[in-house]
Amino acid sequence: MSEELRSILLGTTGLGVAAAAAMLITVSRGPIEAGRPALRAAAHFAVVATVAQLLHFAEELIAGFHQRFPEQLGLAAWPRSFFISFNLFWLGAWALSSWGLLASRRLAVAALWFLGIAGLANGVVHPLLSIRVGGYFPGLITSPFIGLAGVLLIRRLSSISRRPAETRAS
């Protein structure tokens, strides 16, 4: 296995865990139980979180996150093309999921749970990385905004679907 591929696989493990958690949450919760106004509000939060993630990605790209983050893990830098493609793929998926949410699509909800969890993690990890390096770390400036957007999106997604036990107890 090339060092580049090893770096990509190991360096994105945290996102893999977040994606797995998003799938588990989606599967464990019941179907979407919300009217049109609640779905529109959730979609609005999803769009806001996607825009926050776009700004966060732009800061990371300009400041060299794809080089500096793997370095913190003792790994090779990620190719700029991988970093850009990876982020653009997810930004597109989240934009489409915001629209899919209006149609109560569970796959859209799974992708948006991932956005919320990843956003929350970004809000915590970037300040910790800055503390570790003793100064600015790429993504620090926008991390509070994506962190807050992640929390708000998680709360909104929680309100439009219920765990099966919650549905029975109601």
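**Pocket and cavity in a predicted model**

The largest pocket holds about 530 Å³ of space. The model is predicted, with local features needing pLDDT of at least 70, side-chain atom pairs counting only at pLDDT 80 or more, and totals for chains, interfaces and linings using all residues. Residues are numbered from 1 along each chain as its sequence is written, and side-chain values use heavy atoms, without hydrogens and water.

A pocket here is an open set of points on a 1 Å grid over the protein atoms alone, with protein on both sides within 12 Å along at least five of seven lines; a cavity is a set of points where a 1.4 Å probe fits but cannot get out, and lining residues have an atom within 4 Å of a point. Points are joined across faces, edges and corners, and a volume is the space filled by probe spheres set on them.

The largest pocket has 25 lining residues, and G11, G14, L15, F65 and N122 lie nearest its centre. Two or more lining residues come from each of α2, α3 (36-63), α4 (65-72), α5 (80-102) and α6. Of these, α6 gives the most, with seven residues. By class, this lining has 16 nonpolar, eight polar and one charged residues.

The structure also holds one cavity of 30 Å³ or more. The volume of the largest cavity is about 50 Å³. Its lining consists of I25, T26, R29, G30, I32, R106, V109, W113 and S161. The elements that give two or more residues to this lining are α2 (13-28) and α6 (106-133). Again α6 gives the most, here with three residues.

Key
Helices (H or I, at least four residues) and strands (E, at least two) are DSSP runs, numbered from the N terminus. Ala, Val, Leu, Ile, Met, Phe, Trp, Tyr, Cys and Pro count as nonpolar, Asp, Glu, Lys and Arg as charged, and the others, Gly among them, as polar.
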